[in-house]
Amino acid sequence: MIVYYTGGTRFSYAHLIYVPIILAAYFYKIKGGVITAVTGGLFLGPFMPLNTDTMVSQGLENWSFRMSMLIIIGAFSGYLFSLLESQLEKVNQIAYYDPETGLPNKIKLKQAMETEIAAENDFYLIILSINNFIDIYKVIGFMNFSNYIKELLQYIKNFKNLKNKIYYINENKYGIILKKEENEELLIYLNKFVEYMDHAVKFNHLSIFNDISLGISNYPEQSQIADELLDQAFVALKKANSKKLQFWQYQQEDSNFKDNNIQILADINQSIINNDFEIYYQPKINLLNNNVETLEALIRWNHPQKGFMSPGKFIPIVEQSSLIEPLTEWVIKQVLSDIDQFNQNKEKENYSIAINISARNLQHPNFAESLIKNLELFKINPERLSLEITETDLILEIKENIKKLQRLKQKGIKIYLDDFGKGYSSLKYLKELPVDYLKIDRYFIKNIGEEKATENIINSIINMAHALDLKVVAEGVETKEQLDFLTGLNCDYAQGYYFARPDTKENIIKWLAEEEKYNFN
């Protein structure tokens, strides 16, 4: 219309036809660009005179050439916009979706939360953690793991109202936005979901059980900011795991749980520098001759502000951080410097010391070499040192751990398998593990005289260990009844409050000097 009312196609206004062609190509790609080009070519060709004053029509060559050019421009523009849109979709997929599962990622989760917050829709944010995903990975293997996760996620989506509400956070954690108006009471919903997840997921003829835990935060009661809600849900998840519960809803006082952990880690770092830690020792008693042969080293923390702190308050926190390595290094050096003081009379005394090692220490590639170098540095016979490692820690990277322990054992270092019976995987690997001693978990010892089943388990552990040529240590012995029962089963060693509490090096050395006065039986 503009071209017609401004004089016809002989004027430059005819080039305005490129605008609708390119717009059509943008919105409808190649098809839209070509159709609009043909339409424009017809209107600017047979239906449009060269000059509206003379009404002289165009020649065939003139308008057919224009038609061809417009079609080329329309098709090319449509192709470029199609290509651009395809690339943008790929970028969007990479930026906002997990390539393995196809789920929207954490960025999309935050965007979805912000959308709900802007619309003032009340909702719960749930962080779902698959706690045993490493065990599952080892069972089904690398090639099958991503397929299993897809199968698991499909199983979760089949639970009511969850089809399009799951977001990927990392390989074992997923976010769920649960609108309050669409669901029943939260506690009822969570109990039903936990019961649903307790069922095995079928995969490649296997029935796989998933150990899950849930952390929940609440909009708008607890926060109206997406990042804060995420933070609160993760704090609730940690609280659920620490309490051995399957789910926990964030409460205001839980903020202290997170803040305390951060503060403890900061204080530990400074206390390593300031030498605020101390080693306590607890004797192990040979039940065949009532002699002490080994002492267990137990770390204590003289906190500059909070005073004396037991390891139960800080070790679980530090084990989850890189600080466990310098802290263990401090313990090792302190223990190696103490060994000679326990063995002042070399001809008579022959005490060794056992150190507890965490999974994170064992996973360090240079752990064995570093320990051997420290022994050489302090000129300590490796036979004077023992390591205590829990069975669950050993199962992680089992083959590599066996190699490391074999190297240490070849040097003369003794290995204790700590908390035996508390885990679930030991029997499979017990024959392969290069251990010298089994320590029966204190849970079983405290039930001696109260549960016949527990006593039968203790008897079975001792017989099995002896059949494998291993010595047995019972920890947590507190009564003569427990001691008599263990002695009757030919248990090799015992430690606990019945003999001596953990104490400072100086006090234990005094206790050892007087030990011959005691008849523990």
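Two strands count as paired if DSSP finds at least two bridges between them. Keep that rule in hand for this predicted model. Strand 6 (residues 212-219) and strand 7 meet the rule: they pair in the parallel sense over 3 bridges. Look for G215 there. G215 stands opposite W248 in strand 7.

Strand 2 (residues 166-170) and strand 3 (residues 173-179) run antiparallel, joined by 4 bridges.

Next, follow the chain out of strand 6. The loop between strand 6 and helix 8 (226-242) holds P220. Most residues other than glycine have a negative phi, and most peptide bonds are trans. The peptide bond from Y219 to P220 is cis, with omega near 5°.

Two residues have a positive phi. N204 has phi near 50°, a positive value in a residue other than glycine. N204 lies in the loop between strand 4 (201-203) and strand 5 (206-208). How accessible is N204? Its relative accessibility is 49%, so N204 counts as partly exposed. D469 has phi near 65°, also positive in a residue other than glycine. D469 sits in the loop between helix 18 (452-467) and strand 15. D469 is exposed, with a relative accessible area of 70%.

Start with strand 14 (residues 437-440). Strand 13 (residues 414-420) pairs with strand 14 in the parallel sense over 3 bridges. Here L417 has L438 in strand 14 as its bridge partner. Strand 14 also runs parallel to strand 15 (residues 471-475), and 4 bridges join the two. In that pairing, the bridge partner of K439 is V473 in strand 15. Are the faces of strand 14 covered or open? Both faces are covered. Y437 and K439 are buried on one side, and L438 and I440 are buried on the other.

Now turn to helices that pack on each other. Two packed helices are described by the angle between their axes and the distance between the axes. Helix 2 (residues 18-43) and helix 3 (residues 60-96) pack at an angle of about 175°, with their axes 8 Å apart. An angle over 145 degrees counts as roughly antiparallel. Helix 2 and helix 3 are therefore roughly antiparallel to each other. Their contact has 17 nonpolar, 7 polar and 2 charged residues.

Compare that with helix 11 (residues 324-342) and helix 20 (residues 505-514). Their axes come within 11 Å and cross at roughly 30°. Angles under 35 degrees count as roughly parallel. Helix 11 and helix 20 are therefore roughly parallel to each other. Helix 11 passes helix 20 in a right-handed crossing. Which residues meet? D338, Q341 and F342 in helix 11 meet K505, I508, I509 and L512 in helix 20. The residues of this contact divide into 4 nonpolar, 1 polar and 2 charged.

Finish with E325, found in helix 11. E325 is partly exposed, with a relative accessible area of 30%. Leaving aside neighbours within four places in sequence, E325 is in contact with R360, N361 and H364. E325 and N343 are 18 residues apart in sequence. In space they are 28 Å apart, C-alpha to C-alpha.

Technical notes
Residues numbered from 1 in each chain as written. Predicted model: local features only at pLDDT ≥ 70, side-chain atom pairs only at ≥ 80, totals over all residues. Heavy atoms only, no water. Buried < 20%, exposed > 50% of the residue type's maximum accessible area, 1.4 Å probe, protein only. Axes fitted to C-alpha atoms, helices over the stretch in contact; angles between N-to-C directions. Parallel < 35°, antiparallel > 145°, perpendicular 65-115°, else oblique. Left-handed = near helix turned anticlockwise from the far one by under 90°. Contact = heavy atoms within 4.5 Å. Nonpolar A, V, L, I, M, F, W, Y, C, P; charged D, E, K, R; others polar.
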